[in-house]
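Have the viewer open as you read.

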Amino acid sequence: MRNVVILAGGSGTRLWPMSRDDRPKQVLPLAAGESLLRVAYNRLRGLVDPENIYVCTVGAYTEVVRRELPELGAHNIIGEPARRDTANAVGLASAVVARNDPDAVVAFVGSDHLISPEDEFRAAIENGFAVVEQRARSLVTFGIEPTHPHTGLGYIERGEAIDGTAAYVVDRFREKPDRATAEEYLATGRFWWNSGMFVWRAETVLSVLDELLPESAARLRQVASVWDTPARDETLAEIYPNLQKISVDYAVMEPASQGKVDADVVVVPMPVHWLDVGSWAALAGTYDEDACGNRTDGTTLSCLLDSHDNIIVTDDPDHLIAAVGLRGHIIVHTQDVTMVCPLSDGERVKDLVAQVQEDHAHRYI
């Protein structure tokens, strides 16, 4: 049976101070007044039966997810007691889904992407399902055709087309490049952005984890074996925080693409406009721009004199943000925090959050 898991465990620290521990970016109204999580869920309509849609999130966000998606059954929320990166998240979700359906096929999608047109997204996921149903030992990822030499994303180099499918062989994965390298990738026409979305048979990825991450795989299967029993929470709390912290790319996709297991890695094109809403600069790409290149979310009240190419956001529609001679900065205002940084340092907001936490404990986190 086909299933979809929405991965929604990210902390969203690069969107601080809007994104907080009790209000992660997935539930902020960042998509035309709707949350990213709601948009991600709605995007799945017609793709699989609603009872086969799951959300994998950090346990602390479970109630937030329930409030945001009240139509989701409690058994469809998979709560991690700690963040142990994506290899464990997809491993746990695959094991949970497979416990009652050994033939389960599972797609993994993000909760923090803006994607259009949605019909093309659904068609690509359908193609991924079809590939896995035809090729049981294939691990499918999705490639986004790059529109510019992005240096904040990983890349997939595609090889030959696979007869009878919509997929291509993955020649290799590439880490986030510098600009010159990214420009070289685009010039070849062989490279796609790595979307971080996947489709596979649950038992296939678990068998791959058995080979590549055997201790974690055994422990994840142990958790899944008691998932529907009173022992679940205690077993999960005992085992999960001690699992090796590693991404699915490093643990599974890259070694599998190098022939280290008998599963193969293939890429299916997803011809969409795709935005990973991971930073203020990325989110501002969805905002309107004034004649001076300044961007706001449409509700922010601002007065800007001789100021250019700034991102200005507040969650208080009555709060005026005024600036003179400001160029290339981010200003984000909330009730208890005002954050200012150069656009060029936008990726360092994550480091700033760590410093704030060290200086002020969890008061502003």
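Is Lys176 buried or exposed? Lys176 is exposed, with a relative accessible area of 59%, where buried means under 20%, exposed over 50% and partly exposed in between (1.4 Å probe, protein chains only). Please keep in mind that this is a predicted model, in which local features need pLDDT of at least 70 and side-chain atom pairs count only at pLDDT 80 or more, while totals for chains, interfaces and linings use all residues. Residues are numbered from 1 along each chain as its sequence is written, and side-chain values use heavy atoms, with hydrogens and water left out.

**Surface charge**

- Lys176 sits in the loop between strand E8 (168-174) and helix H5 (179-188); helices (H or I, at least four residues) and strands (E, at least two) are DSSP runs, numbered from the N terminus.
- Together with Arg83, Lys245 and Lys350, Lys176 makes up a patch of positive charge on the surface.
- Such patches are made of residues with over 30% relative accessible area and no salt bridge, like charges being joined within 9 Å and nonpolar side chains (Val, Leu, Ile, Met, Phe, Trp, Tyr) within 5 Å.
- Lys and Arg count as positive and Asp and Glu as negative, with His and the chain ends not counted; the place of a charge is taken as NZ of Lys, CZ of Arg, CG of Asp or CD of Glu.
- Accessible areas come from the Shrake-Rupley method with a 1.4 Å probe, and for residues only the protein chains shown count as cover.

**Salt bridges**

- The whole structure has 21 salt bridges, each being a side-chain nitrogen of Lys or Arg within 4 Å of a carboxyl oxygen of Asp or Glu.
- Arg2 pairs with Glu126, their closest N and O atoms lying 2.6 Å apart.
- That pair links distant parts of the chain, since Arg2 is in strand E1 (residues 2-7) and Glu126 in helix H4 (residues 118-134), 124 residues apart.
- Arg2 is partly exposed at 25% relative accessibility, and Glu126 is partly exposed at 31%.
- A network of salt bridges links Arg2, Glu126 and Glu133.
- Asp264 and Arg135 meet through their side chains at 2.3 Å, N to O.
- Asp264 belongs to strand E10 (residues 264-269) and Arg135 to the loop between H4 and strand E6 (138-144), so this pair ties together parts that are 129 residues apart in sequence.
- Arg221 and Glu203 form another salt bridge, with 3.7 Å between the closest N and O atoms.
- Here the partners are 18 residues apart, with Arg221 in helix H7 (residues 214-225) and Glu203 in helix H6 (residues 202-212).

**Cysteines**

- The structure holds 0 disulfides, a disulfide being a pair of cysteine sulfur atoms within 2.5 Å.
- For Cys292, the closest cysteine sulfur is that of Cys303, 12 Å away and therefore too far for a bond.
- Cys292 is partly exposed at 33% relative accessibility, whereas Cys341 is buried at 10%.

**Backbone details**

- Most residues other than glycine have a negative phi, and most peptide bonds are trans.
- Trp16 and Pro17 are joined by a cis peptide bond with omega about 10°, and Pro17 lies in the loop between E1 and helix H1 (36-42).
- Ser116 to Pro117 is also a cis peptide bond, with omega near -10°.
- Asp306 is not a glycine, yet has a positive phi of about 50°; Asp306 lies in the loop between strand E14 (301-305) and strand E15 (311-314).
- Asp309 has a positive phi of about 55° and is placed in the loop between E14 and E15.
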